[in-house]
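Me: I'd like to go through the charged pairs in this one with you. Can we take it step by step?

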Amino acid sequence: MTAHDAVSIIGAKRDGGELSDAQIDWAIAAFTRGEMADEQMAALAMAIVLRGMNRRETARWTEAMLRSGRRLDFTDLPRPTVDKHSTGGVGDKITLPLAPLVAACGAAVPQLSGRGLGYTGGTLDKLESIPGWRADIGPDRMREILTDPAAGCVVCAAGADLAPADKRLYALRDTTGTVESIPLIAASIMSKKIAEGTAALVLDVKVGSGAFMRTREEAYALATAMVELGADAGVETVALLTAMDTPLGRTAGNALEVAEAVEVLAGGGPADVVELTVTLAREMVALAGLDADPAEALADGRAMDHWRAMIRAQGGDPAAPLPAAAHTETLSAPSSGILTRLDARGVGIAAWRLGAGRARQGDPVQAGAGIRLHAGPGDRVTAGQPLLTLHTDTPEAFPRAFEALAETITVDAESTGGPTRGPLVLDRIGPDRHRDHRWNPHRHSGHPPARSGLGTAHPHPHPAADHGGNSG
Ligand code: URA
């Protein structure tokens, strides 16, 4: 095929046609080699946003992106491999306690992760706040750490040779209004996850104001597409849909979140972070075919031992004090009553403006910047009591951060209390690629089952955590 064929491929999709395997293979390979121009790929991406792709096309697109680079292989490790991917949310530090917890249960966790862009943080940015810790370690060192029974888990940056087509395509989609396509998002995420060489995968698809997917319907569609792609590639995949209307835990920001993750590993920490960590760990341990209880491995300190070994193996000092921001300011409760709403998106944007996140790839982030929450939805608060503490090294950032928080908090004087936070785990899509109706959310989350009020099927992309990588 030639550059001329690009025009007919674009035209075919523009007119609602199905792309053949050969057309998809050619387009991805030619784009990666620089033979298909950016404007042609942008036009094709827009045609896909508008016309969609069916399951075969999406699987082939994913395979072609996977083939554009290297696929890691850990099948010879003595332990089963299993990983988790989150679509990104505010305060989502779950990877930090989860990877060592699952390693403590006997699995190997090879996690390639991303730096943050925009208001949901990136796992690598969080870990980089630990003095000495390095994300760029390469596949050989990755294998050594996974083989070491004391660690057994690694969280690191994806090399340039992993799904390079996705790296180029994602950057192009980001600047051409073509992120909003479930097949393209699913293929982008899964090509990277399949390339990292895990045998099994648990997806945490976030739903709500602080998430990439605002409605259950769109999150369900994305989760189903990704579970199907995993199955097609021989990676056993399960997806949980989890709530992201309010931040996870009580911190948003890099070092603040590391400290909270360490609290969880020490047996404390916020109940929602503990619940989600243990729920995802149970799924991962089951997929890995292991008979171990993650709650026990958390309680008896084994997960903490694996955390320390993982941090040391990547050059970090797990005992070193974490960086703290030079300046803090407090936001107080505007009135007395029940805190009925603490919106994830507002908190995420404020933390980002304080310096916890970056606006452009390559910008530095502040390790100590972010927000600590002193109350959560459902708590009774008194007028004037501190609700949030804002942390930054750049105090000129405070006014814009307070602006972002203006519509974030609702205190209801009339409310009689009671739960204002719904269930954390909303749904599960099993490896049979369908909702697992036998699954009982009560058992996992301790909350009643979610209502199924569904909205539109258009994702609301924001500068998400996992551009060019996996948020983890
Ligand atoms: N994250 C990705 O890695 N790819 C997308 O397309 C969207 C979010």
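Me: Let's start at Asp232: is Asp232 buried, partly exposed or exposed?

Reply: Before that, note that this is a predicted model, where local features need pLDDT of at least 70, side-chain atom pairs count only at pLDDT 80 or more, and totals for chains, interfaces and linings use all residues. Residues are numbered from 1 along each chain as its sequence is written, and side-chain values use heavy atoms, with hydrogens and water left out. On the scale used here, buried means under 20% relative accessible area and exposed over 50%, with partly exposed in between (1.4 Å probe, protein chains only). Asp232 has a relative accessible area of 44%, so Asp232 is partly exposed.

Me: Which residue meets the side chain of Asp232 in a salt bridge?

Reply: A salt bridge here is a side-chain nitrogen of Lys or Arg within 4 Å of a carboxyl oxygen of Asp or Glu. The N to O distance in this pair is 2.6 Å, and the partner is Arg55.

Me: How many residues apart are Asp232 and Arg55?

Reply: Helices are DSSP runs (H or I, at least four residues), as are strands (E, at least two), numbered from the N terminus. Asp232 sits in helix H10 (residues 216-232) and Arg55 in helix H4, so the pair links distant parts of the chain, 177 residues apart.

Me: Helix H4 also holds Glu57; which helix does Glu57 get tied to through Lys13?

Reply: Lys13 and Glu57 form a salt bridge with their closest N and O atoms 2.9 Å apart. Glu57 lies in helix H4 (residues 55-67), so the pair ties together parts 44 residues apart in sequence, the other part being helix H1 (residues 3-14).

Me: Which helix holds both Arg400 and Glu403?

Reply: Their side chains meet in a salt bridge at 3.5 Å, N to O. Arg400 is partly exposed at 45%, whereas Glu403 is exposed at 51%. The two are 3 residues apart, about one turn of the helix, and that helix is H16 (residues 398-405).

Me: How many salt bridges turn up in a search of the whole structure?

Reply: Some of the charged residues are linked in a network of salt bridges: Glu18, Asp21, Asp25, Arg56, Arg60, Glu63 and Arg67. For the whole structure, the search finds 29.
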